[in-house]
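I opened this entry to record what I looked up in the structure.

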Amino acid sequence: MLVAALKPTMDSFNTVLRFLTNQKTTIGYGVMAIATIGGERIFSLFSFQCPCNTQQNFTYGMTYLLGPAVVLLTVGLFLSTGLWRLYTGCCLNPMKLCPKGNCIGCASIFLKVLVGALVPPIMWLSVALLNGTFYECAVSGLEDKMITDLFCKFRNSTCKEELAKVPCKTSNLPAAETNELLLMLRAQSQILGWILIITSVLTGLIGTCYKNCRSQVSYLQLTFWKIYMQKEKEKFDSFADDYATKLAERNLKSFFENQDPEPFPFPNHTAWEQVSAVYTFNHSEQCYSTLQRYVERPDRDYSTEKTPLQMEHSLE
């Protein structure tokens, strides 16, 4: 009776869980956007203090505007599996970057990695420009004639000297002029922010349309392909954890019991190299990954590696 009563609740919970799983990319971007907004507000309120002088305003403002963006870009590249899959070992074997001379495929992988890593920096720049605090400080310190003429045209002669103090509202200009200049600076920053957002959205839309238009498989097969790649990654992590545990147990058992280790099947070095390669689609093969391409090869090498790790440096 209790199980029957709880069944509708469990079904609803599973439905919600499946929805969240299917939308995890969108949810991830949402969380990233919220974190970016929160980080920008923390910087603005507790860390950022514009020096309000001509010598330091531009450098200080641009450091806060671009510094976090560079850090986010670097972190995005560090966390990119595709980049390390393509780059690892290429110093010893440069052909890994462009296997079989496929430079276009290699370039497309790098472009995909770069686009994915650019999402957080663009979010940061968009939020920072819409807020305007960093831009106001940076631009007010510029001594470029075009900038000073833009803001100080038809104003008194002290405007150019006092412009750097406007973000702090400590200039000797009348309060009305100070507020007007501050609004002009903020308006420019917000316009640039919206231009960046609109450009990024349109570029993403056009890029997605072009990619789908040039796709060699149908929409449903492409959807299946994405699902398969995600499931393969999840299962690989699970299998890798399981086999690593078994190998560790086998080695520890051999060590503590002071006896020869039991035979342990392990893919050879060539197999690891082949399944680690970047996948490129081929019409003549019905394969969805390098792993599937390898296991379906009739001539694949089943021999095990006697020494699983052969490196020039040790793992700690």
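The model I am reading is predicted.

**Entry 1. Overall fold.** I listed the secondary structure and found twelve helices and zero strands in the protein. Along the sequence, the pattern accordingly reads α-α-α-α-α-α-α-α-α-α-α-α. I then looked up burial and noted that 24% of the 316 residues count as buried. The accessible surface comes to about 22200 Å², and carbon and sulfur atoms hold 66% of it. For contacts with a separation of 6 or more, I noted that 61% join residues 24 or more positions apart.

**Entry 2. Disulfide count.** I took a pair of cysteine sulfur atoms within 2.5 Å as a disulfide. By that rule I count three disulfides. With the bonded cysteines numbered in sequence order, I wrote the pairing as 1-3, 2-6, 4-5.

**Entry 3. Cys-50 and Cys-137.** These two are joined by a disulfide with an S to S distance of 2.1 Å. The link is right-handed, with 80° about the S-S bond. Cys-50 sits in the loop between helix H2 (24–47) and helix H3 (57–78), while Cys-137 is in helix H6 (residues 133–140), so the pair links distant parts of the chain, 87 residues apart. I checked the burial of both ends. Cys-50 counts as buried because its relative accessibility is 14%. Cys-137 is buried too, at 0% relative accessibility.

**Entry 4. Cys-52 and Cys-168.** I found a disulfide here with S to S 1.7 Å. This link is right-handed, with 90° about the S-S bond. The pair links distant parts of the chain, 116 residues apart: Cys-52 is in the loop between H2 and H3, and Cys-168 is in the loop between helix H8 (159–162) and H9. Are the two ends buried or exposed? Cys-52 is buried, because its relative accessibility is 9%. Cys-168 has a relative accessible area of 33%, so I put it down as partly exposed.

**Entry 5. Cys-152 and Cys-159.** A disulfide joins this pair, with S to S 2.1 Å. The link is left-handed, at -70° about the S-S bond. I noted both Cys-152 and Cys-159 as buried.

Entry 6. Cys-213 has 64% relative accessibility, which is over 50%, so I marked it exposed. I looked up the accessibility of Cys-91 as well: its relative accessible area is 67%, so Cys-91 is exposed.

Note on methods
Residues numbered from 1 in each chain as written. Predicted model: local features only at pLDDT ≥ 70, side-chain atom pairs only at ≥ 80, totals over all residues. Heavy atoms only, no water. Helix = DSSP H or I, 4+ residues; strand = E, 2+ residues; numbered from the N terminus. Buried < 20%, exposed > 50% of the residue type's maximum accessible area, 1.4 Å probe, protein only. Contact = heavy atoms within 4.5 Å. Areas by Shrake-Rupley, 256 points an atom, 1.4 Å probe, with all protein chains shown as cover.
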